[in-house]
Amino acid sequence: MQNALEANLADVRGRMLEAARRAGRDPADISLIAVTKTHSAKIVEQALMAGITIFGENKVQEAEDKIAEIGRDRAEWHLIGRLQSNKARRAIQLFDVIHSVDSLDLARRLERICKEEDRARLRVLIEVDLAGESAKTGIAENDVHEVAGWLATCERLHLDGLMIVPPYFEDPELVRPYFRRLRSLRDALDEQGLIAGTGHLSMGMSHDFEVAIEEGATMVRVGTAIFGAR
Ligand SMILES: *Cc1c(COP(=O)(O)O)cnc(C)c1O
């Protein structure tokens, strides 16, 4: 019998497929990141058993204990929350991908510590602040090219794409313009050869991942729709 987690997961995967089909996209181009923040290692273990291969955590400290319990190499671990500079070294040791590079200073620190730690390659995404609200984290749209240009010169950091946490709207249609703008920003970086491959778009959460997929998301970060309310 299917447990609730398996049922939720099947539902999310089905909706991802439908959204991809509507947009004429290949579903294989879209990864599901299961966001396990606040959930126990036991839940993470169940998700692994249900077929999840990528986990998203938003705090280094919290992830550290879970990753130790589960095993660093049993899944891909993505940091999706703000990274404080004093946690950068630990983050490099724990995570495969960091979605939340939100300043040139942080990028510089990550590159330096990768060298010190002998980490050959670290995939990073630039978190973009499209709303231009200074209270929000992320790099302002106008500054993204500068940071991407610097990342292109890095030995260890590898710019994998762009990430956004848009303002919350009850109606996901209102978020669509943010997703579109992130995609055109990605396309502009791609044209300038500043981004690897075609460049990932990390966008879409539980209430708006279908719209995000319609607008080109290649990584959706879904917590509540899989694990229930936190
Ligand atoms: C918590 C979180 C998510 C997942 O949010 P849900 O609404 O639970 O799907 C996605 N991205 C970031 C950055 C988060 O902090």
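This is a predicted model: local features need pLDDT of at least 70, side-chain atom pairs count only at pLDDT 80 or more; totals for chains, interfaces and linings use all residues.
Me: Which residues surround the ligand?
Reply: A residue is near a molecule if one of its heavy atoms lies within 4 Å of it. Here the shell includes Val 35, Lys 37, Ile 80, Met 163, Ser 206, Thr 224 and Arg 230. The shell divides into six nonpolar, three polar and three charged residues.

Me: Which side chain has a polar atom 2.5 Å from an oxygen atom of the ligand?
Reply: A polar contact is a pair of N or O atoms within 3.5 Å. Ser 206 has that polar side-chain atom, at 2.5 Å from a ligand oxygen. For Thr 224, a side-chain N or O atom is 2.6 Å from a ligand oxygen. For Arg 230, the distance is 2.7 Å. The protein covers 89% of the 380 Å² of accessible area that the ligand has on its own (Shrake-Rupley method, 1.4 Å probe).

Me: How many aromatic pairs are there?
Reply: A pair of aromatic rings is described by the distance of the centres and the angle of the planes. Rings of Phe, Tyr and Trp (its six-membered ring) pair if their centres lie within 6.5 Å; planes under 30 degrees apart are stacked, over 60 edge-to-face, the rest tilted. The count is two. Phe 169 and Tyr 178 form a tilted pair, 6.3 Å centre to centre, with 35° between the planes.

Me: Is Tyr 178 buried or exposed?
Reply: Buried means under 20% relative accessible area, exposed over 50%, partly exposed in between (1.4 Å probe, protein chains only). Tyr 178 is buried, at 16%. Phe 169 is partly exposed, at 26%.

Conventions:
Residues are numbered from 1 along each chain as its sequence is written. Side-chain values use heavy atoms; hydrogens and water are left out. A polar contact is a pair of N or O atoms within 3.5 Å; within protein, one must be able to donate a hydrogen and the other to accept it, and residues adjacent in sequence count only if both atoms are side-chain atoms. Ala, Val, Leu, Ile, Met, Phe, Trp, Tyr, Cys and Pro count as nonpolar, Asp, Glu, Lys and Arg as charged, and the others, Gly among them, as polar.
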